[in-house]
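This report describes the arrangement of a structure, moving from the division of one chain to the contact between chains and the surroundings of two ligands.

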Amino acid sequence: MKQNVVIIGGGIAGMEAAKQLLMLGYKPIIVEKSDHLGGHVSNWHRLFPDMTPAVALIERMKGEISDANVFLETEVSSINKLKDGYSIVLSNGVSIVSRAVLIASGFKLFNAAKKEEYGYGIYDQVITNQDLEHWFNTGEDKRMTGKDIKSIGFVHCVGSRDLKAGNSQCSKVCCVTAIKQAIEIKERFPTAEIYCFYMDLRLFGKKYEDFYINAQKQYDVHFIRGRVSEVSENIDGKVVVKAEDTLSGKPLRVTLDLLVLMSGMVCNPDIDQVASMINVGVDTDGFLRSRDNVYSIMESDCPGVFLAGACTGTKTVPETVAEARAAVLSIHNYLSNG
Amino acid sequence: MVDFGFKLSRSSTINLDEVDMSLYRRLSEEEPDVKRCMSCGSCSATCVSSGFSSMSVRKMILALQRGMDIKDMLSNCMLCGKCSIVCPRGINTRHLILLACRYYQEGNK
Ligand SMILES: Cc1cc2nc3c(=O)[nH]c(=O)nc-3n(C[C@H](O)[C@H](O)[C@H](O)COP(=O)(O)OP(=O)(O)OC[C@H]3O[C@@H](n4cnc5c(N)ncnc54)[C@H](O)[C@@H]3O)c2cc1C
Ligand code: SF4
Ligand code: SF4
Ligand code: SF4
């Protein structure tokens with residue numbers, strides 16, 4: 001009989017793991033809280049660094065796991081350790097026994113309204129990276145309609161690298177996302193002036209630096225080193241942004257039609273309850289704790305519980321997919337030995 | 001003038017709404033690579049003049065982008081071209097300096 005493997009979270013990590021488990025002859029069961037598969041990536045428009053359409057990727061991945069058991073709008077109500085494996089009861093009443101469990105619960109976007117000085121939720125000219133992706137995809141956003149957009153700003157590190165906001169870590173993907181979004185928006189508003197306010201540009205990945213050079217040279221994006229300190233609305237219904245131009249050591253201000261906040265990634269609190277039931281710990285950065293962060297990032301401290309994707313830290317799509325595959329191999333080894 | 005015992009300083013704030021980038025735009029049309037500058041400072045670190053004067057290619061490019069005057073700075077350049085050799089973004093900084101000098105020589109302010 002095929003062995004069950006329960007996957008908590010149906011983002012790209014959970015989906016990729018399900019695909020690989022199917023190929024190895026297991027019976028993956030995805031438990032997904034929301035009403036759709038794909039997690040955050042299903043909200044994105046195009047993916048760096050190749051500008052791949054995100055929806056096409058999700059559709060393709062969905063096609064590859066049509067044989068998997070998927071429970072949408074379902075959560076884990078209880079999970080108990082057995083002698084060898086776990087007994088899991090879902091919110092829809094289904095109960096499952098599974099020797100291995102994969103947690104792929106991903107991240108949550110930092111709530112930009114917490115940084116009150118940036119005016120999210122106060123001024124209509126201020127949106128987040130997620131709102132902008134949504135607008136790229138659907139063209140729907142009341143805050144964007146009928147606006148003559150001539151100047152746009154991007155604020156890096158919103159809720160990241162911010163001890164006061166409770167997140168000291170760098171969210172890793174938002175520098176390149178800002179550049180990607182700056183390019184995409186410049187294509188839609190070719191005459192607009194675009195400003196990126198950054199502290200450091202952290203462009204670590206394959207072809208990211210080329211993205212940056214391209215944004216500078218082809219798209220005339222202005223990069224200003226300095227963290228935005230405050231945003232206020234003026235009489236014309238625009239926002240005035242203040243920062244220090246730290247390269248010249250002078251205060252700087254600019255009036256903008258649109259300001260996009262690059263909200264960072266924090267661990268998804270939706271998994272806290274499940275994690276505490278089986279003693280999966282939380283690391284000092286707030287994400288789920290792996291056995292170690294060098295060699296066994298996909299393994300938790302609990303035998304039979306594995307981790308993949310952004311639940312253990314900020315990750316890009318290729319990193320998430322690679323980790324899901326690695327986690328499946330660990331699961332396969334675990335289930336084959338004993 | 002009457003001394004009131006206090007003075008008003010002009011704000012040093014850079015207002016990007018009013019910044020005049022025309023010279024920067026003009027120069028970057030002829031030397032488009034200047035847009036790739038990442039303010040690394042290699043140019044000024046190696047410059048034979050920077051230790052003795054206000055000359056710094058990094059600051060010059062920033063000043064152009066902020067609509068500030070670069071004339072004084074330029075007068076200290078010896079056109080040795082060392083800055084061009086070290087620039088990791090491959091900007092022909094010497095050419096840029098020459099273009100700026102030419103602009104001022106043409107009688108522009
Ligand atoms: C603005 C932005 C743009 C990005 N753009 C790119 C890009 O262009 N290219 C790129 O490589 N990367 C990009 N990324 C990174 C990318 O989004 C992540 O790598 C990816 O989403 C991680 O996938 P995941 O499956 O681990 O997590 P998620 O996408 O967060 O999916 C987790 C899933 O688990 C579900 N879940 C959570 N808890 C539970 C629970 N208790 N029970 C049941 N289900 C649960 C959630 O509903 C969700 O569906 C971007 C990130 C941001 C913030
Ligand atoms: S990736 Fe860039 S924007 Fe995001 S937290 Fe790190 S430095 Fe800030
Ligand atoms: S060309 Fe001018 S700016 Fe460049 S290194 Fe020589 S003196 Fe310095
Ligand atoms: S060396 Fe090149 S990239 Fe670096 S600051 Fe000078 S001009 Fe800019």
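A polar contact is a pair of N or O atoms within 3.5 Å; within protein, one of the two must be able to donate a hydrogen and the other to accept it, and residues adjacent in sequence count only if both atoms are side-chain atoms. The model discussed here is predicted. Across the interface of domain 1 of chain A and domain 2 of chain A, eight residue pairs are in polar contact, both residues being at pLDDT 80 or more.

## Domains of chain A

Chain A is divided into domain 1, made up of 4-106 + 268-337, and domain 2, which covers 112-264. The centres of domain 1 of chain A and domain 2 of chain A, taken over C-alpha atoms, are separated by 32 Å. To their contact, domain 1 of chain A contributes 15 residues and domain 2 of chain A contributes 22 residues.

Between them, domain 1 of chain A and domain 2 of chain A bury about 1600 Å², with 57% of this area on carbon and sulfur atoms. On the side of domain 1 of chain A, the residues that lose the most area to domain 2 of chain A are A:His45, A:Phe48 and A:Thr314, which together account for 38% of what that side buries.

## Charged pairs between the domains

Four salt bridges are counted between domain 1 of chain A and domain 2 of chain A. The side of domain 1 of chain A that touches domain 2 of chain A consists, by class, of five nonpolar, five polar and five charged residues.

A:Asp50 is paired with A:Lys207 in a salt bridge whose closest N and O atoms are 3.3 Å apart. A:Lys207 is located in the loop between E13 and H5 of chain A. This lysine has a positive phi of about 70 degrees, although A:Lys207 is not a glycine.

The structure holds 31 salt bridges over all chains. In one salt bridge, the side chains of A:Glu187 and A:Arg46 meet at 3.7 Å, N to O. A:Glu187 belongs to helix H4 (residues 174-188) of chain A and A:Arg46 to strand E3 (residues 46-47) of chain A, so this pair ties together parts that are 141 residues apart in sequence.

## A cis peptide bond in chain A

A:Phe48 and A:Pro49 are joined by a cis peptide bond, with omega about -5 degrees. A:Pro49 is placed in the loop between E3 and strand E4 (52-53) of chain A. A:Phe48 is also among the residues of domain 1 of chain A that lose the most area to domain 2 of chain A.

## Interface of chain A and chain B

The contact between the chains involves 20 residues from chain A and 19 residues from chain B. Chain A and chain B bury about 1800 Å² between them, and carbon and sulfur atoms give 53% of that area.

Five salt bridges are counted between chain A and chain B, together with 13 residue pairs in polar contact, both residues at pLDDT 80 or more. In one of the salt bridges, B:Lys35 pairs with A:Asp220, the closest N and O atoms being 2.8 Å apart. On the side of chain A that touches chain B, at least two residues each come from strand E13 (193-198), helix H5 (208-217), strand E14 (222-225) and strand E17 (250-256) of chain A. E17(A) gives the most to this side, with six residues. By class, the residues of this side of chain A are nine nonpolar, four polar and seven charged.

## Chain B and its ligand shells

Chain B contains six helices and one strand, which follow the pattern β-α-α-α-α-α-α along the sequence. Taken along the principal axes, the C-alpha atoms of chain B fill a box of roughly 55 × 30 × 30 Å.

The residues around ligand 3 include B:Cys47, B:Cys77, B:Cys80 and B:Cys83, as well as B:Met55, B:Met78 and B:Lys82. The shell around ligand 3 has nine nonpolar, one polar and one charged residues. Around ligand 4 there are 13 residues, of which B:Cys37, B:Cys40, B:Gly41, B:Cys43 and B:Cys87 come nearest. Helix H2 (42-46) and helix H3 (57-65) of chain B are the elements that give two or more residues to the shell around ligand 4. That shell around ligand 4 is made up of eight nonpolar, four polar and one charged residues.

Methods: Residues numbered from 1 in each chain as written. Chains lettered and ligands numbered in written order. Heavy atoms only, no water. Domains from an automatic or database assignment. Contact = heavy atoms within 4.5 Å. Buried area = accessible area lost by both parts, 1.4 Å probe. Nonpolar A, V, L, I, M, F, W, Y, C, P; charged D, E, K, R; others polar. Near = heavy atom within 4 Å. Helix = DSSP H or I, 4+ residues; strand = E, 2+ residues; numbered from the N terminus.
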